[in-house]
Amino acid sequence: MGITESILNRVGLGAKKPSGDQPVTYWSRNRGWLLLAVTGALFATYPFLPFITDYWIDVAFFVGVYALLGLSLNIVLGEVGLFDLGHTAFYAIGAYVTAILNTSLHVPIIVLLPLSALVAAGFAYLVTSPVIHLKGDYLCIVTIGIGEIVRLTMINNPFNLTGGPNGINGIGGPNLFGLAINSSTQFYFYTWIIIGIIVFGLIRLQHSRIGRAWNYIREDATAAEASGVDVRSYKLLAFVLGAALAGIAGNLYASKQMSVSPQSFTFIESSLLFCIVLLGGLGSIPGSILGAAVVVVFPEVFRQFASYRLLFFGLALMLMMIFRPGGMWPRKREGTGLDGLGIRGLPKKDEDLIPLGKPDPAILKPATTAVVRGVKLPPVTVAMDEGMLLQTHGTTLKFGGLTAVNNFDLNVQTGKITSLIGPNGAGKTTLFNMITGIYKPTAGQIDFLGRDITDLKPHTIISYGIARTFQNIRLFPSLTCIENIMSGPHCHARSGTWAAVMHTVAEVREERDIVATAAYRLDQVGLWKYRNELAKNLPYGKQRYLEIARALATSPHLLILDEPSSGLNDKESEDLMVLLQALVKEGFTLLLIEHDMQVVMGISDWVAVMDMGQKIAEGLPKDVYNNQRVIEAYLGKEDD
Amino acid sequence: MATFVEQLINGLTIGSFYALVALGYSMVYGVMKLINFAHGDLFALGSYLGYTLLIASSSWVTVHFGLWGGMAIAMLFAFVGIGLAGVLMERIAYRPVYPAGRLSLVVSALGMSIFLQNGIMAIWGSRPQAYPAAVVPSTRFSLLGLPVTTLQVVILLLSFTLMLIIWFIVEKTTFGAAIRATALDRSTATLMGIDVRVVIFFIFALGPALGGIAGVMNGLYYRAISFNMGWTYGLKAFTATILGGIGNIPGAMIGGLLLGLMESLFAGYVSGAWKDVFVFVILIVVLLWRPTGLLGEKTAEKV
């Protein structure tokens, strides 16, 4: 916010900050359609404007190709936040598949359009699935490596397929049911209509559980996994979809140029795509298109400066990042209201959502049947003690020579509050991390609802009904509060990519359920009025509640809270105790790590004490309170 | 056997260029968490600075100070010049962008790289230039019956000395401890009384300066230089850095030397055209086996 703007706001003259309750005007209701009509009209008339020559129509075609590439990289880099600096590889695969199959087997270009996408997507799946777990810069260098390997392979002409450094010439043009596409104007329309269809799909995807899952991963992959998002699969999906779009761009490029050669697919090309996404704004669809326009048109406008134009371009990139690091058209999340979520059939008044999200008490009861909210549970195989929800048996974790948790047996009774206490560094959080699947125990077994969950991944464990919060709050900072909580029901929803793009009946219903559940939980923790604020802008205490609401929204049987009262003042702690007791009444089982003895003694039904990774005592709160070993663990041994 | 030793020496020489550039990469990365894509172009700029000095006024430097003297002055010139360029680069392109986060820094670095590359082209032209034969020492001697140029030996000795000095500074001195502390946690380092600005100044002066020297050596060794060679070397050096474990000083050296050796041995025995493919495949395999590079520390994320 500029200084002038903030002053205007302070004196009440600035533009009104839109909120959920602002009056609906004709403009705000139909803004999307009006914008669409204007852009459509602009695109349709562009080639017929008097001063537009074929040359500039071709420029617009290349803006289209780069826009498509930008959009495709935007999925990987913008939505999921994966550093992909070898995206040109997929573009190259699309172009070469088109070139090879068209020149040697005379497959029509129009058939090759989907085929290029498929081959590029398949290639992306093959090469990224072994490396997808690599972190940040390591993944970045691998993508650079993949890009270079593809380019060098094209140069080296294996099996005489790629034509070596000169590439392949004589590729035909597309033929649409008898209409041959070869003039500049025809290519322009052909390309931009394809882009229009793709943008339509991408916008819908962005506003579905898939788009949100991608954003959760970008914001905090660990928290996303712990909220029930299958991080690995969604990352792969992003790469595969991104590669498919890049493959389409390759097909368009090859059929327009009628030739392909390795020079078009260098590392600098990949880095230009990277710049397109960042120039436009991470995760912004109009931004990517605008970024492509800048990257393609800028050098054209400065053509008379010949060799200096790229010099200016480099300078412009740096200046952009200094003065507008968020990009030209960043995606706005706050202030769009719940409408911004793009979910159909929401009630007129936001408040009417809350009662819709009230859960069916049956789903909070520990499942005896094999299906919980659409999640197929494996059959019960483990014998549990009577009334126990969770049991750990001899759970042990060693980090190198250090035994963090040693042979620990923990029993959590259904419908009760169990507290795990102990001095700092005793291994409490480590035990929680094993229960929720973030660490794999070195030895021992963890049983939940009669099922062995020891070797399951975090997102699967969540969908079985164990939710958690973190010791150091882990939210999705740049998403709104309601979006944060909508990650909870994610793991119980089933709609896939296609359903999201087509807005199938089931998908629309599922989305409405997700937002209603989120609304109910948000209201339950008293944060409803912050629904459209970004999570990072909430004060600390409210962030804790937001995290609890997110965990509740997964409709768990067992809620694990890691030091929920840390950083809260006395009043806030008391409120928390009231909330926790209300949750137990609602049917949840609670497991806490807690240092605040007032909270522990006040609400716990059972207390286990951990020191140096071992259980040193357990029992009713008052017994543990007076236990000699516990006192020693906290205060040290009294000298005689 | 003869080709083996020849390829070995050749590989070590190229490897030492990679290692010197990778050192700068790694140092900057350690402190700034920034992949400095412009680093390779500073290396190229160093090559051009040395070239300009050596051809100036009909090799005035070489004529007055002799072959080796001229070489030394050219390297010193590139060292100082590129050191200054590195500091300037940090001021212009990175410091103002730093608060905006890592992705913006990457774009700024790419912008800087494009700027430098085209700047070199604007000044020295797009055609490759060549270090004149008159300024390059061509004496040879026989090592175990193999002809070796004195230049090769000098390059190797100098590179290893420089690497040792850097290793000593970073690992053994108090200032080195300040650098390592800043790399681990910038705000804590500040609280401990470390002037982070001095550390950054030093990193951005020394890292690129090493690349500048490597640039001159590269020019003397291969003679031909071109405005866009920074991309290739930058990419290779980045690969070497990751191979060894990013932010790790001995890792960068070992990564660079290994990369040079693998490249020249593969080119000598299997295929020159596929050598870069081989290098990247090896890199990917290494990362699958050790996700943080050969010497990189295994970091368990705290949750």
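Predicted model: local features only at pLDDT ≥ 70, side-chain atom pairs only at ≥ 80, totals over all residues.
Which strands of chain A make up the open sheet with mixed pairing, and in what order do they stand?

## The six-stranded sheet of chain A

The open sheet has six strands in the order β12-β13-β14-β9-β15-β16 of chain A, and their pairing is mixed. At the edges stand β12 (466-468) and β16 (614-619) of chain A, and because each has a single partner strand, one side of each is left without a neighbour in the sheet. From one strand to the next, the twist averages 20°.

Within this sheet, strand β13 (residues 558-562) of chain A runs parallel to strand β14 (residues 589-593) of chain A, and five bridges join the pair. One place to look for this pairing is Leu561(A), whose bridge partner in β14(A) is Leu592(A).

## Helices against the sheet

Helix α16 (residues 428-435) of chain A packs on the sheet, where it touches β9 (417-421), β12, β13, β14 and β15 (606-611) of chain A. The direction of α16 makes about 150° with that of β13(A).

Another helix, α25 (residues 628-635) of chain A, lies across β15 and β16 of chain A, and it runs at about 130° to β16(A).

## A hairpin and its further partner

Strand β7 (residues 388-399) of chain A runs antiparallel to strand β8 (residues 402-413) of chain A, and eight bridges join them. In this pairing Thr392(A) stands opposite Leu410(A) in β8(A). The two strands, β7(A) and β8(A), form a hairpin with two residues between them, and in the turn Gly400(A) has a positive phi of about 60°.

β7(A) also pairs with strand β10 (residues 443-448) of chain A, in the antiparallel sense and over five bridges. Here Thr396(A) has Ala443(A) as its bridge partner in β10(A).

## Two residues with positive phi

Most residues other than glycine have a negative phi. Against that background, Phe159(A) has a phi near 55°, a positive value in a residue other than glycine, and Asn160(A) likewise has a positive phi near 55°.

Phe159(A) lies in the loop between α6 (136-156) and β1 (168-169) of chain A, and Asn160(A) is placed in the loop between α6 and β1 of chain A as well. Are these residues buried or exposed? Phe159(A) is exposed, since 5 other C-beta atoms lie within 10 Å, and Asn160(A) is exposed too, with 7 other C-beta atoms within 10 Å.

## The build of chain B

Chain B has ten helices and four strands, and from the N terminus on its elements run α-α-α-β-β-β-α-α-α-α-β-α-α-α. Along its principal axes the C-alpha trace of chain B spans about 60 × 45 × 35 Å. For 303 residues, a compact globule would have a radius of gyration near 19 Å, and the 19 Å of chain B agrees with this.

Of the 303 residues of chain B, 50% count as buried. Among the contacts in chain B with a separation of 6 or more, 76% come from residues 24 or more positions apart.

## Where the chains meet

The contact between the chains takes 38 residues from chain B and 37 residues from chain A. On the side of chain B that touches chain A, the elements that give two or more residues are α3 (102-124), α8 (229-244) and α10 (275-289) of chain B. Of these, α3(B) gives the most, with 14 residues. By class, this side of chain B has 29 nonpolar, seven polar and two charged residues.

Notes: Residues numbered from 1 in each chain as written. Chains lettered and ligands numbered in written order. Contact = placed C-beta atoms within 7 Å. Nonpolar A, V, L, I, M, F, W, Y, C, P; charged D, E, K, R; others polar. Pairing = 2+ DSSP bridges. Axes fitted to C-alpha atoms, helices over the stretch in contact; angles between N-to-C directions. Buried ≥ 20, exposed ≤ 12 C-beta atoms within 10 Å, placed from the backbone. Rg over C-alpha atoms; globule rule 2.2 N^0.38 Å.
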